[in-house]
Amino acid sequence: MHREPVTVLVVTIPERSRVVVVGGGVIGTSVAYHLAHLGWTDVVLVEQHRLTAGTTWHAAGLMVTFGSMSETSTRLRQYTRDLYSRLEAETGLATGFAPVGFIELATNPDRVEEFRRVAAFNRHLGVEVEEISGREVGEMFPLAKVDDVLAGFYVPGDGRVNPADVTMSLAAGARRLGVRIVEGVRVTGIRVKDGAVTGVDTDHGLIECEFVVNCAGMWARQLGEKHGVTIPLQAAEHYYLITEQIPGIDPSWPVIEDPASYGYYREETGGLMIGLFEPVAAPWHTDRVPEEFAFGEIPPDWDRMAPYLETAMARVPITAETGIRKLFCGPESFTPDLSPVVGEAPEVRNYFVAAGLNSIGILTGGGIGKVVAEWIVSGRPQVDVTGMNIDRLRPYQTAEAYRRERTVEMLGMVYKPHYPYWSPQTARNQILSPLHDRMAAFGAHFKEVSGWESPDWFGEPGTTPDPGPLGWGRARWWDYWRREHEACREAAVLMDMSFMSKFEVTGGGAGAFLDWISTAAVDEEPGRITYTQWLNERGTLEADLTVTKLDHDRFMVVASDTAHRHVETWMRRHAPDGVRITDVSRELTQINLQGPRSREILQRVTGTDVSNEAFPYRAVRYIRVGDAEVLCVRVTYVGELGYELYVPADRAEAVHDLIWEAGQDLGLRHAGLKALNSLRMEKGYRDYGHDIDNTDRLREVGLFQFAAMDKPDGFLGRDAVIEEVASGLPTRRLVQVLLTDPEPLMYHSEVVYRDGVEVGYIRSASYGHTLGGAVGLAMVEGGELPIDREWIESGTWEVDVAGTRYPAKVSLTALYDPKMTRLRR
């Protein structure tokens, strides 16, 4: 019997490579491409199936720059669109980029306000977006129903690409520069020695390496688990429908998004593609994603999806009369906060991750690859990564039950209104403060804070307050918030701040170590707290926190909740042998007592003298409150006299109750996060990850005065600071901005004007109940001009709020002075 010869494909892998990229989708090929363009060509990309396997092959291919209120995300989109438009000239392989335009539809007033805010910010960053009428939408996409469209937001240069072609073009560009791409090889593990990557195990053998980049898409979590790397992404069902051919449809028509109808729409081979982001999603394989599921499809759930399809198809009525060629369902990965997972893993040095793109992998793929490649080559990210850094994520988020519950909500959030006070509603109650029940009894409305349930504001005691509908205006709890704010300014407030990150640092050399990584002098006499920043060798910020010296070789470091793992990792990677770092965040309950009458209240519950003479600002003492030994720190984050009390968790309720009773006749109230933010914003206090980030320098953000430039042994980053000082006054500065009209509200990303010229935008904002208007912190740029007080005061300032400009007052120093409330009283 005649047998045809069998062709055996022999796959060979290199014994060693400087970098191993795991995953051959658009992200993996982009990382490899950009590493090669930076001169790192000793790179191998390993794909367990074929390029584009997993999610890339079935992606819808939208290429949209409009929509984000993050500068980093918008810049990633802009760079990606530019890359796709020019890649063919470099590689000879087309990306399928067609700049047919893009229109976002607004069909209710809240959507109009949201997109006007987005449009103003996006224009500031260079996105050419214009607001058009429903009639104009209909002229550009004649099959769309537009009678309910209040406005469209049109970007003529956006459009669509072919995801597979993009990936192949990136791969070709990487190969041309020397990157090796190996398909059909499965990574089975990562080798680690002394906490750092040394190699990658595959089913074809070992590849020794210095760096690994986990771009494994929906398999990334499973690969990370092998070495305890926290990557809490979860695959979910994602649908799109393709109709039969529709007479008159034109491939040159723009892509349309109608989030209120859950859909996006574009021409596809003479028919229409309708993609869906339904409000209640279906997680897929929360146990383990099958490794062999490379180019597979998920059987569609017609019954579940029928109501959403009906709503989406109503935007283009002819689709209801047109046959359905395909209802496709494939997996896409989502994260707990809808931000990508990018950066170096806290658990393993030189283990990088780029995954969890939340359905924007194609439209940010070029930018993500560039960011990761630059990070690897230079050792530091070149853009603000505080919102996407992998170290923001916590191990509890990888639990199957958590992922299953949270993913149901997150896919739908892609198209839900992005209200400023939204908080996730699923997978809650992960971490409860010892004071949680007390706070609930006093009427707390809780907000998720890095897994903690923290009071956001307080309604009436004994009730479960109803926050009412979300929106862009004043919420029904506005007056509760205002009263808490005013109580802090005029009397005192009690805050449960247990969510703060708290670390005990001990051992011989602890003081010298913390003094080296801190810009301020933190290793002085015991019993003193010091506000300080941590810098990298380039002189940009890594952390903003306090260091308390408790004893000669015993310190406490306190940082914000979002900085928890970043601060811990920074310490562990710089600490010498003999220094011990212990996370005591859950062992110590933090109670803040703040306000002008806080001293009177505290004195009533302790025998320790807390007078100004005996207990000055920055003093730290152990005091007795009831039968509890409490670490008392005199410090403030609200601009008033105040104390932070660190209480053993098992004594927290008793200490709280004593303080609460002691303050009843002095106007003591509970206060939540809303008041904390408005109070600190009036005083201009910074918050790392919100109004300052890893791209900023000390003088730019007004923190140079906290640096001890004369420390005998210096500090990490001092040389860069010295060089910065020698260059003259900075041309970009963080300033405080107050709207003089009390009505409009700022949240973040509002564009700031000086003499009619855009000079920056609001990084974060709140409402100044004492100052009488919305107040925020903005980074502004003077071009080639140094920014000083004269430059600030000589300008006429305005802020764009949802398309309307309002006059503003701008200052380099805090606009709030505690004397304001003292005089009023």
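The model is predicted, and the values below are computed from it. Two packed helices are described by the angle between their axes and the distance between the axes.

**Helix α1 with helix α5**

- The crossing of α1 and α5 is left-handed. On the α1 side the contact is made by V26, T29, S30, A32, Y33, A36 and H37, and on the α5 side by V166, T167, L170, A171, G173, A174 and R176.
- By residue type, the contact of α1 with α5 is made up of eight nonpolar, five polar and one charged.

**Helix α12 and its surroundings**

- Six of the eight residues of helix α12 (residues 510-517) are buried, so this helix is largely enclosed by the rest of the structure. The buried residues are A510, G511, F513, L514, D515 and I517.
- The elements against which these buried residues pack are the strands β23 (501-506), β24 (528-535), β25 (541-551) and β26 (554-559), together with helix α13 (564-574).

**Helix α14 with helix α15**

- The crossing of α14 and α15 is right-handed. The residues that meet are I601, R604 and V605 from α14 and L658, I659 and A662 from α15, and they comprise five nonpolar, no polar and one charged.

- T91 lies in helix α2 (residues 71-91) and counts as buried because its relative accessibility is 18%, where the cut-off for buried is under 20%.
- The side chain of T91 makes a polar contact with the side chain of S169 at 2.7 Å, and it also reaches the backbone nitrogen of L93 at 3.1 Å. Leaving aside neighbours within four places in sequence, T91 is in contact with S169, A172 and G173.
- T426 is placed in the loop between α9 (400-413) and α10 (436-441), and with a relative accessible area of 15% this threonine is buried.
- The side chain of T426 makes a polar contact with the side chain of E409 at 2.5 Å. When residues up to four places away in sequence are not counted, T426 touches E405, R406 and E409.

**The loop between β16 and α7**

- Both H285 and P300 are found in the loop between β16 (271-276) and α7 (302-313). H285 counts as partly exposed at 33% relative accessibility, and P300 counts as partly exposed at 29%.
- Apart from its neighbours within four places in sequence, P300 is in contact with Y239, L327 and C329. The C-alpha atoms of P300 and G367 are separated by 32 Å, and these two residues are 67 residues apart along the chain.

- Most residues other than glycine have a negative phi. H285, which is not a glycine, has a positive phi of about 50°.
- S450 likewise is a residue other than glycine with a positive phi, near 50°, and its place is in the loop between β20 (444-449) and β21 (452-458).

Definitions and conventions
Residues are numbered from 1 along each chain as its sequence is written. This is a predicted model: local features need pLDDT of at least 70, side-chain atom pairs count only at pLDDT 80 or more; totals for chains, interfaces and linings use all residues. Side-chain values use heavy atoms; hydrogens and water are left out. Helices (H or I, at least four residues) and strands (E, at least two) are DSSP runs, numbered from the N terminus. Buried means under 20% relative accessible area, exposed over 50%, partly exposed in between (1.4 Å probe, protein chains only). A polar contact is a pair of N or O atoms within 3.5 Å; within protein, one must be able to donate a hydrogen and the other to accept it, and residues adjacent in sequence count only if both atoms are side-chain atoms. Contact means heavy atoms within 4.5 Å. A crossing is left-handed if the near helix is turned anticlockwise from the far one by less than a right angle, and right-handed if clockwise. Ala, Val, Leu, Ile, Met, Phe, Trp, Tyr, Cys and Pro count as nonpolar, Asp, Glu, Lys and Arg as charged, and the others, Gly among them, as polar.
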